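This report describes selected side-chain and helix contacts, with the cut-offs behind each term. The sequence and structure are shown first.

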Amino acid sequence: MSGPILQVALPSPLRRLFDYRAPAGLRTGDLQLGLRVSVPFGNRQMVGVIAGISDQSNVPAGKLKRASELIDHTPLLPDSLWRLCNWTASYYQHGLGDTLSSALPVLLRRGEPALARQDMLWQLLPGAYPEHPAISRAPKQKEAVQTLARHPHGLSHALISQWGLTREALESLERKGLAQRIHQSPHHTSEPQPLLNETPLSPNGEQQAALDAIISVDGFHAWLLEGVTGSGKTEVYLQAIQHCLQRQRQALVLIPEIGLTPQTLERFRRRFSVPVVILHSGLNDRERLDAWIAARDGEAGIIIGTRSAIFTPLARPGLIIVDEEHDLSYKQQEGLRYNARDLAVYRAHLEQVGLILGSATPSFESLHNVQRGRYQRLRLTQRAGNASPPTIQCLDIRSRPLEGGMSRPLIQLMGEHLRQGNQVLVFINRRGFAPTLMCHDCGWMAECRRCDARMTLHQSPAQLHCHHCGSQRAVDRCCPKCQSQDLRPIGAGTERTEEHLTACFPDFPILRIDRDTMARKQAMQSMLARIQSGAPCVLVGTQMLAKGHHFPDVTLVAILDADGGLFSADFRGPERMAQLIIQVAGRAGRADKPGQVLIQTHMAEHQLLLDLTEHDYARFAERELAGRAAAQLPPYSFMALLRAESNSSAQTNQFLDEACTLAEQLTASLDITGVELLGPVPSPMERRAGRYRAQLLVQAGQRSTLHQLLHHWLAALEQHPLARRVRWSIDVDPLDMF
């Protein structure tokens, strides 16, 4: 077959490459791995990436299509990132095309050129001054000259209105030869600037020891920075980044949530003069591409982003930081189910740079890696400044009446803190008004018509809402079962708690922070500004309040229901509950005011709560890890979860039954030992969004053994007759068993 054959990775769930003839007129020397190419696929054009070049194909010559166009002349991704994407596809048993698509900004997936947007700047020309005769009767042009004189390197066109200037005045100056417009990257810096905008804080002994350890090592090294909440982990990050920037390297900082971006970005920009860019799903496509290119070209010294930012190319990589490394948000839960924390470890190894994993409540996987000598543990046990750890107490609410989810002793304690001019944080991990609506006469409960779940009652606006499939409907006026009109909300969510607190404390603002109130753009920044003002108030919220926020005036944290994770069907339930309690508790007493944490519970004698209130997270983790080791659960074993769903329960179960049989046959024929198949079983919520779900768990004592089976098993499953009639996926190292 004449001419090179391109093996193209296309954004498809299939774990295969697609063969095409090279575009007409191109020679083999024009082709490289990693170049984007436009190809016909079915009845449409798609953008793929060249993942292989060959001189032969298994596709008959008459059916082999020709690629339409070569989009790039140089590979989009540096070699280390290309290797990371290939490893990711292999490890998570996912198609390379889909993996590369996840790694690229949307505009690049559509075939846009990988070029930086040019920012237009206005700049004075020599000889321009406010009293110039040409503008003696033009006050707006005079003002423009005065303003531009204060910005000798140019004033961005996007900012002229903020300075009270008009485009007409600037264009008049241009015509008179007094000003010019120039084009450059939005992240371009005209001349070297001092690295720091502000002086770093003086580190305490523990912080200095951690910094000394981090900056003393060149090449790859992984540190677990375990610091109690408020111990100054961010200051360690900042000074480690300072060392990185002084060596003319770039730093990549991963954070778990978009909500943390504004305060993180503000703190980094306040400290450093180098360009800092952000990457998260809240940006528009052009903003995301601009930031991606600024990182790739080395113009941005610091890159801050959520999990997908791990795929951002860096011109001069020097340091990777994963803040709140334990957070579940780093695990992608659909499509390519990667864990950004784990990819950060592998990427740091490929780039031969340092990696800092920071948390007050490290994941058990990271603690296990410390035990095995893979990570070095750095501990910060003291809170920064004069802050002392909050006292944590359990409040036994058995037999106590609750209103709005709160007991009377808690309300009284909140009142004391508010009257002293402090702020109170109330944590309840359920949004809405009440978890469900129930008929008082017959016991009927409002259930979702598409899921095996109850509808949550919301009041603003009044509706029943399923938080699993997103369906909504009007609130029932009478019971559909017995026609009674005595329908009552059961339990409490953030709305109901807010309503009750408003009645209890009419003289203090009640600020609710959950997904419903924070949906509007800039809502989180506005709310945080109110909190930072220091005025006494009550904060009511979900996990959005638990992660990384600094509230210096919060002196009391109330956790309304700590019992949910104590008896979880998921073996990770206690770990997550402990992490959540410690993280929420850490919002109290972060400045010079002492903090207090009150946990409402029906299980005050539970060992998990005793460990957390009488000892610390380390004692709890030690006990739980011993239990995991005895039961041979992760991190002492390795798992993959095969999930399937369809419109028919029988069809879903048939597919998984036959998949299980196939796996058993493969373990026998390939002589694979040490693998256990558990299931198939219905998912804990079997019906969701009208589809029936079930799962099959594969567990092995060795990672290599598990992947040996997965490689052969999934290739066979893709050819299974039911594979196209059932929606199925594999989740390697699952963190959510539901």
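Phenylalanine 655 has a relative accessibility of 0% and therefore counts as buried, where buried means under 20% relative accessible area, exposed over 50% and partly exposed in between (1.4 Å probe, protein chains only). The model is predicted: local features need pLDDT of at least 70 and side-chain atom pairs count only at pLDDT 80 or more, while totals for chains, interfaces and linings use all residues. Residues are numbered from 1 along each chain as its sequence is written, and side-chain values use heavy atoms, with hydrogens and water left out.

**Aromatic pairs**

Rings of Phe, Tyr and Trp (its six-membered ring) pair if their centres lie within 6.5 Å; planes under 30 degrees apart count as stacked, over 60 as edge-to-face and the rest as tilted. By this rule the structure holds 8 aromatic pairs. Two of them are tabulated here.

| Pair | Distance between ring centres | Angle between planes | Class |
|---|---|---|---|
| Tryptophan 87 and tyrosine 91 | 4.9 Å | 15° | stacked |
| Phenylalanine 655 and tryptophan 728 | 5.9 Å | 40° | tilted |

Helices (H or I, at least four residues) and strands (E, at least two) are DSSP runs, numbered from the N terminus. Tryptophan 87 and tyrosine 91 both belong to helix α1 (residues 79-91), where a spacing of 4 residues separates them by about one helical turn. Tryptophan 87 is partly exposed at 25% relative accessible area, whereas tyrosine 91 is buried at 10%. Ring pairs also join Trp87, Tyr91, Tyr92 and Tyr346 into a cluster.

The other tabulated pair links a helix to a strand: phenylalanine 655 is in helix α18 (residues 649-669) and tryptophan 728 in strand β30 (residues 727-732), so the pair ties together parts that are 73 residues apart in sequence. Tryptophan 728, with a relative accessible area of 22%, is partly exposed.

**Helices α11 and α17**

Axes are lines fitted to C-alpha atoms, for helices over the stretch in contact, with angles running from 0 to 180 degrees between N-to-C directions. The axes of helix α11 (residues 364-371) and helix α17 (residues 617-631) come within 11 Å and cross at roughly 85°. The two helices are therefore roughly perpendicular, a term that covers angles of 65 to 115 degrees.

Contact means heavy atoms within 4.5 Å. On the α11 side, Phe364, Leu367 and Gln371 meet Tyr617, Phe620, Ala621, Glu624, Leu625 and Arg628 of α17. These residues divide into 6 nonpolar, 1 polar and 2 charged; Ala, Val, Leu, Ile, Met, Phe, Trp, Tyr, Cys and Pro count as nonpolar, Asp, Glu, Lys and Arg as charged, and the others, Gly among them, as polar.

Asparagine 369 is also placed in helix α11 and is buried, with a relative accessible area of 12%. Leaving aside neighbours within four places in sequence, asparagine 369 is in contact with Arg374 and Tyr375. Its C-alpha atom is separated by 9.3 Å from that of leucine 224, which is 145 residues away along the chain.

**Threonine 456**

Threonine 456 is in strand β19 (residues 456-459) and is buried at 10% relative accessible area. Beyond neighbours within four places in sequence, threonine 456 has contacts that include Arg431, Gly432, Pro435 and His465.

**Cysteines**

A disulfide is a pair of cysteine sulfur atoms within 2.5 Å, and by this rule the count comes to 0 disulfides. Cysteine 504 is accordingly in no disulfide, the nearest cysteine sulfur, that of cysteine 537, being 16 Å away. Cysteine 504 is partly exposed at 28% relative accessibility, whereas cysteine 244 is buried at 1%.

Conventions:
Parallel < 35°, antiparallel > 145°, perpendicular 65-115°, else oblique.
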